[in-house]
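Please examine the structure shown below before reading this briefing. The points that follow are grouped by topic.

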Amino acid sequence: MRVNYKVFMVTGGGNGLGRELVLNLLRKECKVVAVDKDKSALEETERLAGEYAGALITVEADITNVAAMKDLVDNIEYQYDGIDGVINNAGIIQPFKTINDIDPDSIDRIFRINLMGTLNIIKIFLPSLLKQRQAHIVNVSSMGGFLPVAGQAIYGASKAAVKILSEGLASELSGTSVGVTTVFPGAMYTNIKANSGLGMDAGAGPEGYSADAAFSPVRAAKLIVKAIEYNKSRLYIGKDAKTMNFLYRLNPSLATKLIYNKIRHKM
Ligand SMILES: NC(=O)c1ccc[n+]([C@@H]2O[C@H](COP(=O)([O-])OP(=O)(O)OC[C@H]3O[C@@H](n4cnc5c(N)ncnc54)[C@H](O)[C@@H]3O)[C@@H](O)[C@H]2O)c1
């Protein structure tokens with residue numbers, strides 16, 4: 001689907017990858033609705049949108065709030081006469097803790113946002129997308145969604161669930177007007193750690209890589225928009241995600257051990 005002049009909803013549009021997706025789509029003359037629970041982050045996205053700010057609507061809301069998301073789709077349909085694309089990007093990581101040590105509240109929060117938030121939005125927006133001649137859904141999983149990462153096993157389980165949810169959705173929608181892309185980023189240089197309520201650690205990406213090794217969210221957003229245009233079913237972002245995808249298929253035990261050795265000092 002050509003994205004130019006289309007109407008998109010992006011979750012987590014206040015920071016990191018979501019913000020770059022919003023800005024990228026605005027530059028392609030799209031109308032964009034950016035949803036985030038962080039109001040000041042949305043204000044910054046709006047400021048960065050500059051001359052395109054008139055085509056941006058920011059909505060402070062939690063993606064797990066079913067009533068708010070239902071109102072949102074109604075409002076978008078009313079305002080724009082339909083919606084062409086949904087990008088399920090909002091997500092959080094867990095504290096670097098083993099399954100034995102992590103507290104039940106953190107586990108619940110991770111699954112509620114990463115899995116249930118994504119599922120809510122798919123359920124609520126899909127009927128509207130299916131009315132369009134062409135439409136697209138992007139679901140952001142993670143390298144941790146196909147490769148076990150010690151200290152991030154709960155996050156990984158939530159993102160593995162997003163992977164299967166998204167791939168199952170793609171299968172169910174084959175032959176319809178709605179395309180689906182599942183995205184597997186490796187380490188990106190964003191503030192996801194602080195935004196997940198885990199304090200600042202600007203020197204390292206969430207999966208334990210140095211800032212130098214992490215992928216720029218600006219480039220990641222470009223790749224995702226291109227994947228929508230080519231109706232690509234899966235997108236691996238960064239050398240780490242591509243290499244580990246290959247290695248995990250070849251030798252899962254070796255791949256898991258390599259990651260463990262890299263990040264075990266964090267636990
Ligand atoms: N940063 C990485 O290295 C990395 C790697 C692999 C996958 N990912 C995934 O990419 C996506 C984007 O990550 P990012 O690094 O840009 O993170 P980020 O923290 O920079 O941005 C995420 C945004 O989502 C918002 N958000 C979180 N929970 C929300 C909720 N319940 N309702 C509404 N908004 C909510 C946050 O306020 C934040 O603005 C996430 O799904 C993440 O899991 C990130």
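**Ligand surroundings**

The ligand is surrounded by 28 residues, a residue counting as near if one of its heavy atoms lies within 4 Å. The closest are Asp 36, Asn 89, Tyr 155, Met 188 and Thr 190. This is a predicted model, in which local features need pLDDT of at least 70 and side-chain atom pairs count only at pLDDT 80 or more, while totals for chains, interfaces and linings use all residues. Residues are numbered from 1 along each chain as its sequence is written, and side-chain values use heavy atoms, with hydrogens and water left out.

**The shell**

- The residues of the shell divide into 13 nonpolar, 10 polar and 5 charged; Gly counts as polar, and Tyr and Cys as nonpolar.
- At least two shell residues come from each of helix H1 (16-27), helix H5 (153-173) and helix H6 (192-195), helices being DSSP runs (H or I) of at least four residues, numbered from the N terminus.

- A backbone N or O atom of Leu 17 lies 2.8 Å from an oxygen atom of the ligand.
- Lys 159 places a polar side-chain atom 2.8 Å from a ligand oxygen atom.
- For Asn 195, a polar side-chain atom lies 2.9 Å from an oxygen atom of the ligand.
- On its own the ligand has 820 Å² of accessible area, of which the protein covers 99% (Shrake-Rupley method, 1.4 Å probe).

**Salt bridges**

- The whole structure contains 6 salt bridges, each a side-chain nitrogen of Lys or Arg within 4 Å of a carboxyl oxygen of Asp or Glu.
- Glu 44 forms a salt bridge with Arg 47, with the closest N and O atoms 2.8 Å apart.
- Both Glu 44 and Arg 47 belong to helix H2 (residues 39-49), where they are 3 residues apart, about one turn of the helix.

Definitions and conventions: A polar contact is a pair of N or O atoms within 3.5 Å; within protein, one must be able to donate a hydrogen and the other to accept it, and residues adjacent in sequence count only if both atoms are side-chain atoms.
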